[in-house]
Amino acid sequence: MLRLLNPRSTQTVSRATRLVIRLSSTAIPTTQKAVVFYEHGGELKYTDIPVPKPKPNEILVNIKYSGVCHTDLHAWKGDWAIKPKLPLVGGHEGAGVVVAKGANVTNFEIGDYAGVKWLGKTCMECEFCQKGFEPNCETPTLSGYTHDGTFQQYATADAIHAAHIPPGTDLAKVAPILCAGITVYKALKTAALIPGQWVAISGAGGGLGSLAVQYAVAMGYRVVGIDGGNEKEALFRSLGGETFVDFHKNKDIVSAVREATGGGPHGVVNVSVSTNAILQSVEYVRPTGTVVLVGLPPDATVKSDVLTHVLKSINIKGSYVGNRADTKEAIEFFTRGLVQSPIKIIGLSQLEEAYKAMEEGTSIGRYVVDTSR
Ligand code: NAD
Ligand code: ZN
Ligand code: ZN
């Protein structure tokens with residue numbers, strides 16, 4: 001398809017591209033460090049594996065940093081009904097440098113910065129892809145789930161879906177934008193608010209939540225954050241959040257959120273991994289408001305009393321990562337300095353530390369792994 005769309009994709013370019021691959025591949029090792037697991041909940045093995053070769057449509061990215069998303073923890077534990085491939089190299093917030101590319105790739109050059117994200121590839125042909133609903137494609141490739149991800153030093157990614165990252169960008173800090181940032185930005189758009197309205201971020205101190213607060217502020221909304229503990233509250237306030245409700249201290253979250261927002265927030269972005277928090281959000285949302293479901297507690301069901309649902313005329317919507325346009329826009333908010341990444345950098349070999357903190361709810365902002373150690 002690329003060849004048809006791009007008249008520059010001639011045989012000459014392909015030959016030149018192949019030459020570049022051959023030249024650059026001298027600098028690419030044949031083995032690399034990665035974290036692999038073979039069974040759900042099993043050992044997270046920091047080990048040597050072969051460096052993958054890019055297919056004609058793929059780039060090979062030397063991953064410098066990767067964010068650690070709670071989805072990676074779900075994948076390792078096998079939390080969801082749809083299981084990942086095994087063995088698996090997880091990770092889908094990878095930021096790095098293009099070191100090789102397949103013959104059909106025309107939108108990246110060797111040396112460019114690139115981001116490897118959850119939505120690795122989509123068909124571009126189905127009803128959903130055609131309408132720009134790429135996350136809803138029927139045959140997606142998912143980095144760190146159906147395709148080895150970014151907890152390795154070299155990852156392959158479809159060039160059309162890989163994110164362009166401007167030269168000079170801090171690769172450690174941009175990494176969390178590649179899933180958490182895109183996802184919450186799209187979820188806020190799904191809430192369809194207008195500046196000045198209230199949005200509740202449930203799970204405000206976590207990886208997605210800490211970015212959601214900032215995108216919401218940048219988009220002109222007033223933010224009430226819900227999470228637990230003084231450290232999460234301090235982070236929330238430092239990011240521009242207005243009112244914090246601590247679910248550890250407060251027994252009646254519904255009343256507290258309603259009170260803080262003068263009758264309930266106009267929108268809610270649920271990024272906690274708590275079914276209870278989701279059920280509360282359906283109750284405290286303002287009449288005519290929108291509850292957006294993002295966090296994915298295993299086996300969760302959202303319930304809404306039909307009479308109340310109708311009388312309050314509320315909306316409950318799912319939101320799943322974002323398409324290529326959302327990706328570009330979410331990265332622009334970051335590169336313009338409107339969104340900061342509250343990150344803690346650890347070595348790739350220490351990945352388990354991040355999982356432990358997320359499991360215990362003590363992770364503040366986002367863990368990012370440095371693949372060089
Ligand atoms: P995280 O662990 O970094 O953050 C979750 C936060 O929720 C923590 O700060 C925790 O303290 C808080 N929390 C726990 N119980 C709560 C409660 N009762 N009320 C309010 N807050 C509570 O996780 P993350 O990486 O931000 O991911 C969150 C969820 O989003 C995961 O389930 C992940 O799989 C999902 N996710 C979905 C999409 C999507 O496209 N829909 C994309 C990325 C991640
Ligand atoms: Zn993610
Ligand atoms: Zn499709």
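Entry 1. I began with Ala 100, whose place is in strand β4. The model I am consulting is a predicted one. I looked up the accessibility of Ala 100 and found a relative accessible area of 2%; since buried means under 20%, Ala 100 is therefore buried.

Entry 2. I turned to the zinc ion (ligand 3). Which residues coordinate the zinc ion (ligand 3)? I found Cys 123, Cys 126, Cys 129 and Cys 137, each through SG, at 2.3 to 2.4 Å. I checked the angles among the four donor atoms; they run from 101 to 118°, and the site is tetrahedral. The tetrahedral label follows because four donors qualify if all angles lie between 85 and 135 degrees. I noted the sequence spacing of the donor residues of this ion as C-x2-C-x2-C-x7-C.

Entry 3. Is Cys 129 buried or exposed? Its relative accessible area is 6%, so I recorded Cys 129 as buried. For Cys 123 I found 30% relative accessibility, so this residue counts as partly exposed.

Entry 4. I moved to Glu 134, which I located in the loop between α4 (127-130) and β7 (141-142). Glu 134 has a relative accessible area of 4% and is buried. Its side chain is joined to that of Arg 324 by a polar contact of 2.9 Å.

Entry 5. I examined the zinc ion (ligand 2). Its coordinating atoms are SG of Cys 69, NE2 of His 92 and SG of Cys 179, at 2.0 to 2.3 Å. The donor residues follow the spacing C-x22-H-x86-C. Where in the chain do Cys 69 and His 92 lie? I placed Cys 69 in the loop between β3 (58-67) and α3, and His 92 in the loop between α3 and β4 (93-101). The pair is 23 residues apart and links distant parts of the chain. I then looked up the accessibility of both: Cys 69 is buried at a relative accessible area of 3%, and His 92 counts as buried at 0% relative accessibility.

Entry 6. I looked up polar atom pairs between the protein and ligand 1. A polar side-chain atom of His 70 is 2.7 Å from an oxygen atom of the ligand. A backbone N or O atom of Ser 319 lies 3.0 Å from a nitrogen atom of ligand 1. How much of the accessible area of ligand 1 does the protein cover? On its own ligand 1 has 870 Å² of accessible area, and I noted that the protein covers 92% of this.

Terms used
Residues numbered from 1 in each chain as written. Chains lettered and ligands numbered in written order. Predicted model: local features only at pLDDT ≥ 70, side-chain atom pairs only at ≥ 80, totals over all residues. Heavy atoms only, no water. Donors = N, O, S within 2.8 Å, 3.2 Å for Na, K, Ca; no water. Tetrahedral: all angles 85-135°; square planar, octahedral: opposite > 155°, others 65-115°. Buried < 20%, exposed > 50% of the residue type's maximum accessible area, 1.4 Å probe, protein only. Polar contact = N/O pair within 3.5 Å; in protein donor to acceptor, adjacent residues only side chain to side chain. Areas by Shrake-Rupley, 256 points an atom, 1.4 Å probe, with all protein chains shown as cover. Helix = DSSP H or I, 4+ residues; strand = E, 2+ residues; numbered from the N terminus.
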